[in-house]
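Student: Could we go through this structure together, one question at a time? I would like to see how each answer is reached.

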Amino acid sequence: MALLTTSNYAESGKSGEAMCHRMSSKEVETQPFDDDFESAREYLEFHWPDVMAIDNVDEGAAMPWIMDQFHRTFTEDKHFGERLLDVGTGPTVYQLISASRVFTDIVCSDIHQGALEEIRKWKNDDTDAFDWSSALKHVSGLEGTRWEERQGQLRRAIKDTVFCDVHNENPLHPAVFRPFDTIISTYCLEGACFNKGRPTYGKAVKNICSLLKPGGYIILLSYIGVTYYVKDGEKDPDNLRLDTDFVLKSLFEAGITVLEASEFTTPDRETCSYSDVKSILYVVGRKALKEFTYVA
């Protein structure tokens with residue numbers, strides 16, 4: 001298995017190297033992950049102490065449901081192609097396990113270099129890489145496969161890690177890729193557009209869909225109904241306040257036909273650990289073969 005150390009898979013025309021800045025290990029270690037966590041690893045250890053937990057305070061048994069959705073999608077008779085872009089990968093790989101049966105070429109992208117460093121550690125089987133074996137075992141149980149083989153398959157399929165900012169017209173700038181066959185994005189846009197309003201969200205959806213080829217697929221996983229996140233024990237309001245209808249409308253305005261949408265309702269609770277998320281939305285859509293102009 002080739003070690004992944006630097007972005008060397010981006011394309012300019014037929015081939016070429018990405019020009020994105022790669023931080024040194026020291027820079028990555030000292031770069032805060034966000035306002036709540038000093039590093040991507042700290043984020044992982046806080047949110048994923050038990051990857052396949054069924055008793056998450058805010059999400060309940062959402063994780064097995066999410067993995068089942070991905071499994072079902074990628075065992076359906078659709079031609080998803082060979083090239084997959086994961087927009088806003090973060091430091092996680094659970095969302096790519098089922099997809100790696102279909103795609104031989106996966107590009108992970110994120111705005112945070114520390115998150116991408118965690119992906120490279122896992123890809124390269126570093127001794128201190130985060131342990132995703134429980135998620136792999138869950139998917140392998142659904143597939144009837146051996147989790148160790150599926151782990152190797154996913155590691156081989158991840159070909160690159162690149163910078164991504166969904167607010168850029170080309171979110172992967174300065175890297176250049178030909179349009180992708182399929183895009184996955186899990187919990188990215190609501191984070192990137194936190195407290196920035198719905199017009200910003202709609203523009204971000206259009207930006208990432210511009211990376212998709214005509215006829216290509218997009219799989220989106222999103223929090224629904226969040227009015228606040230918990231920060232330092234206090235409620236931090238979010239004016240985005242996504243609802244299902246708005247998310248589906250945003251996809252439509254970006255040239256996406258929604259093929260299916262399913263929703264997981266989170267538990268009723270008096271106290272929230274991370275957010276007051278009401279449900280989790282899973283959407284599969286397809287980009288129109290020809291571009292069209294949406295008129296409100």
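Student: Are Phe74 and Phe103 buried or exposed?
Tutor: Good place to begin, and keep in mind that this is a predicted model. A residue counts as buried when its relative accessible area is under 20%, and as exposed when it is over 50%. On that scale, Phe74 and Phe103 both come out as buried.

Student: How many aromatic pairs are there, and which kind do Phe74 and Phe103 form?
Tutor: The count comes to 17 aromatic pairs. For Phe74 and Phe103, the ring centres are 5.8 Å apart and the planes make an angle of 80 degrees. Planes over 60 degrees apart count as edge-to-face, so the 80 degrees of this pair makes Phe74 and Phe103 edge-to-face.

Student: How many residues apart in sequence are the parts that this pair ties together?
Tutor: Look at where each ring sits. Phe74 is in the loop between helix 3 (62–73) and strand 1 (83–87), while Phe103 is in the loop between strand 1 and strand 2 (105–110). The pair therefore ties together parts whose separation in sequence is 29 residues.

Student: Which residues form an aromatic cluster?
Tutor: Here four names belong together in one group. The cluster is made of Trp48, Tyr94, Phe130 and Trp132.

Student: Why is strand 1 described as largely enclosed?
Tutor: Arg83, Leu85 and Val87 point one way from the strand, and Leu84 and Asp86 point the other way. Residues on both sides are buried. Strand 1 is largely enclosed by the rest of the structure because the number of its residues that are buried is five of the five.

Student: Over the face of which residue does Arg83 lie?
Tutor: Arg83 is one of the residues of strand 1. It is 4.4 Å from the centre of a ring, and that ring belongs to Phe180.

Student: How far apart are the C-alpha atoms of Arg198 and Arg241?
Tutor: Arg241 is in the loop between strand 7 (234–237) and helix 9 (244–253). Along the chain, Arg198 and Arg241 are 43 residues apart. Their C-alpha atoms, however, are separated by 8.3 Å.

Student: What is the phi of Arg241, and what is the phi of Tyr187?
Tutor: Most residues other than glycine have a negative phi. Tyr187, in the loop between strand 4 and helix 7 (189–192), has a positive phi of about 55 degrees. For Arg241, phi is also positive, near 45 degrees.

Student: Is the peptide bond from His173 to Pro174 cis or trans?
Tutor: Most peptide bonds are trans. Pro174 lies in the loop between strand 3 (158–163) and strand 4 (180–186). The bond from His173 to Pro174 has an omega near 10 degrees, and it is cis.

Definitions and conventions
Residues are numbered from 1 along each chain as its sequence is written. This is a predicted model: local features need pLDDT of at least 70, side-chain atom pairs count only at pLDDT 80 or more; totals for chains, interfaces and linings use all residues. Side-chain values use heavy atoms; hydrogens and water are left out. Helices (H or I, at least four residues) and strands (E, at least two) are DSSP runs, numbered from the N terminus. Rings of Phe, Tyr and Trp (its six-membered ring) pair if their centres lie within 6.5 Å; planes under 30 degrees apart count as stacked, over 60 as edge-to-face and the rest as tilted. Buried means under 20% relative accessible area, exposed over 50%, partly exposed in between (1.4 Å probe, protein chains only). A charge sits over a ring if NZ of Lys or CZ of Arg is within 6 Å of the ring centre and within 35 degrees of the ring normal.
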